[in-house]
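Please look through the structure shown here.

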Amino acid sequence: MSQLCEQILKHLEKHDKVNTLSLCNILGEDHQKIVGALKNHEANIYNAVPESGVIQMDLMKLPNAKIGFSKAMSAGWIQVDKTAAPPLVKRKALTIVDIVQEHLKKIALGDSSKLSDKDKQEYKKRKLIQEVTIKSFNLTKGSDFKVTLDKLETDLTTEMLTSGHWQNLKFKEYNFGALGTFLECGYLHPLLKIFLEMGFSEMPTNNYIENSFWNFDTLFQPQQHPARDAHDTFFISDPKLSTKFPQDYLERVKKVHSKGGYGSQGYGYDWKIEEAQKNLLRTHTTAVSARMLYKIAQLKEFKPVKLFSIDKVFRNETLDATHLAEFYQVEGVIADYNLTLGDLIGVFAEFFKKLGITQLDFKPAYNPYTEPSMEIFCFHPGLGKWIEIGNSGIFRPEMLLPMGLPEDVCVIAWGLSLERPTMIKYGFNNIRDLVGPKVDLEMVQRSPICRLNK
Ligand code: PHE
C-alpha cells in the first residue's frame with residue numbers, strides 16, 4: 001500500500017494535477033485501492049518524509065496533511081527538528097505498521113469484530129468508514145403453525161352473539177401493551193419544555209398588580225424616569241398604595257438612589273417613599289425577578305440559580321398593528337459566580353436553536369438596571385429582515401448589592417417578547433389577529449399545538 005502511495009505521489013510530482021480514475025489505467029490498480037491509499041493520511045505523511053527529512057512547511061502542503069501529521073506524530077512515526085531553520089520533519093520510526101490500513105482491509109472483508117469502539121469512532125470521524133446496522137430475524141414454527149392465515153376478529157358484534165356464530169370465530173387477543181390515543185387535554189407549552197430542558201425552574205408570576213418599589217425602585221430606576229409616568233404605566237386607584245416593605249432593604253434602596261454606595265454615585269435626588277408605594281399593573285416581569293433575587297439573597301447560603309417565567313405585563317400603549325396594552329414576556333435570570341456577556345449570548349444561542357432560529361444579532365442598549373445591556377435581534381428569512389425580539393444584560397451592583405447578594409455573584413437576565421416571534425411564525429401582520437376579541441376561533445382550532453422546527 002505504501003508503495004502505491006509513493007507511486008501516486010511521484011506521478012503527481014510530474015503532473016501537478018491528476019484524477020484518481022485516470023490513475024487506474026496509469027498504475028494498473030483498482031480504483032478502490034487508489035482512493036484507499038490516499039485516505040490513508042498518516043502513512044502518506046510518513047512515506048512523504050525522506051531519510052534526510054523534509055521542510056515542515058512543504059510537507060504540510062500535501063492533501064490531508066494536518067490530520068496525517070498529527071496522527072503520525074502521536075504514533076511516534078515522525079519527529080520535528082526545531083533546531084533546523086526552517087524546521088525539518090524527520091522519520092523517527094524505522095518502519096511502520098499501518099494499522100489503519102490493516103483495520104480498513106479487515107472491514108472491507110466484512111470483519112469489524114476486532115475493532116475497538118475508540119478506533120471505530122475515530123475512523124467514523126475521519127470519514128474512513130460508515131456504520132450500517134442490519135437487523136435480521138430467525139423464524140421457527142410456533143405451536144399453532146399453519147401455512148394459511150386466518151383473519152382474527154377484532155370486534156364482537158350483536159349479530160355474532162344472537163346467531164351464535166361467535167363460537168366458530170377466532171378473536172384477536174387484547175394487547176395490553178398498546179399505547180392509547182393522545183388525550184385532548186392540556187400539554188406543557190413548548191417554551192416551558194425548552195426552559196425545563198435547559199435546567200431552569202419557573203418563577204411565581206401570579207401577581208399582575210405590583211407596586212412601584214418592586215417594579216422600578218429595586219431595579220435602580222430613578223423616580224423621575226419617564227417609564228414611571230402615567231403615560232406609560234397603568235396605576236391602580238384602589239387600593240392606591242402599598243404599605244408593607246422589607247424595611248432595611250427599603251432604606252438601602254433609598255440610599256443607593258439618593259446618595260449612592262457600593263462604589264456608585266447614585267442619582268443624587270430626594271427619594272420618596274410615596275412614589276415607591278404607588279400600585280400599578282406590572283410593566284415587566286423583571287419585577288418578579290427582583291422579588292426572587294431579594295428572596296435568594298436572604299437565604300443563609302447562596303446557591304446558583306436559573307429561573308424563567310412566561311406571563312403577562314401591561315403598558316399604557318397606543319394600540320396598533322404591533323402594539324398591545326397587555327402582552328406576554330418571557331423572562332430569564334441566571335445567578336452564578338463569574339458569569340459574562342458571553343454566557344448570556346451562549347444561553348440565547350442554545351434557546352433559539354431549540355426554536356429553529358439560528359441567526360441572532362445583538363446591539364448595545366441601555367437599561368437603568370443592567371450594564372452592559374444588549375438588544376436581541378433574530379433574522380426572519382420570510383420577511384428578509386432582522387426583528388427585535390428582546391432586551392437583556394448583566395444586573396448592576398446598585399440593584400444586587402442592596403439586596404444582600406454576595407459581591408462576587410453575577411446575574412445575567414433578559415426579557416423577550418412572546419407575541420412578536422409568534423406573529424412571525426404564523427405570518428400575522430396585525431397583532432390583533434393573534435390576541436383579543438377579533439381572533440378567528442377557527443384559526444385557533446386549525447393551528448397545531450406545537451409549531452417548533454426540529
Ligand atoms: N425588563 C426589560 C423589558 O421589559 C427586559 C430585561 C429584563 C432587560 C432583564 C434586561 C434584563 O424590556
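The shell around the ligand divides into two nonpolar residues, eight polar ones and no charged ones. In this count Ala, Val, Leu, Ile, Met, Phe, Trp, Tyr, Cys and Pro are nonpolar, Asp, Glu, Lys and Arg are charged, and the others, Gly among them, are polar. The model is a predicted one, in which local features need pLDDT of at least 70 and side-chain atom pairs count only at pLDDT 80 or more, while totals for chains, interfaces and linings use all residues. Residues are numbered from 1 along each chain as its sequence is written.

Which residues are around the ligand? They are His284, Thr286, Asn367, Thr370, Asn391, Ser392, Gly393, Ala413, Trp414 and Gly415. A residue is taken as near a molecule if its C-beta atom, placed from the backbone, lies within 6 Å of it. The elements that give two or more residues to this shell are strand S11 (385-395) and strand S12 (409-417). Strands here are DSSP runs of E with at least two residues, helices are runs of H or I with at least four, and both are numbered from the N terminus.

S11 and S12 are joined by five bridges in the antiparallel sense. Two strands count as paired if DSSP finds at least two bridges between them. Within this pair, Ser392 stands opposite Trp414 in S12; both Ser392 and Trp414 belong to the residues around the ligand. S11 also runs antiparallel to strand S10 (residues 370-380), and nine bridges join the two. Here Phe379 has Trp386 of S11 as its bridge partner.

S10 also holds Pro372. A cis peptide bond, with omega about -5°, joins Glu371 to Pro372. Another cis bond joins Asp238 and Pro239, with omega about 0°. Pro239 is placed in the loop between helix H11 (212-215) and helix H12 (247-258). Most residues other than glycine have a negative phi, and most peptide bonds are trans.

Lys127 has a positive phi, near 60°, and lies in the loop between helix H8 (117-125) and helix H9 (158-163). Is Lys127 buried or exposed? Lys127 counts as exposed because it has 8 C-beta neighbours inside 10 Å. The cut-offs are 20 or more other C-beta atoms within 10 Å for a buried residue, 12 or fewer for an exposed one, and anything in between for a partly exposed one, with C-beta atoms placed from the backbone. Tyr262 also has a positive phi, near 55°, and is found in the loop between H12 and H13. Tyr262 is partly exposed because 16 other C-beta atoms lie within 10 Å.

Helix H13 (residues 273-277) contains Glu275. With 15 C-beta neighbours inside 10 Å, Glu275 is classed as partly exposed. Leaving out residues up to four places away in sequence, Glu275 touches Ser212 and Gln223; contact means C-beta atoms, placed from the backbone, within 7 Å. Gln224 is 51 residues from Glu275 along the chain, and their C-alpha atoms are separated by 9.6 Å.

Helix H14 (residues 286-297) has 12 residues and reaches 16 Å from its first C-alpha to its last, close to the 16 Å expected. That expected span is 1.5 Å times one less than the number of residues. The buried residues in H14 are Thr286, Ala287, Val288, Ser289, Ala290, Leu293 and Ile296. They pack against strand S5 (209-211), H11, strand S7 (305-314), strand S8 (326-337), helix H16 (397-403) and S12.

In soluble globular proteins, nonpolar side chains tend to be buried together.

Elsewhere, three strands form an open antiparallel sheet in the order S1-S3-S2. Strand S1 (54-55) and S2 are the edge strands, each pairing on one side only. S2 (residues 78-81) and S3 (residues 88-91) run antiparallel and are joined by four bridges, with a hairpin of six residues linking them. Among the facing residues, Asp81 has Leu88 as its bridge partner in S3, and Gln79 stands opposite Lys90.

Key:
Two residues are in contact if their C-beta atoms, placed from the backbone, lie within 7 Å.
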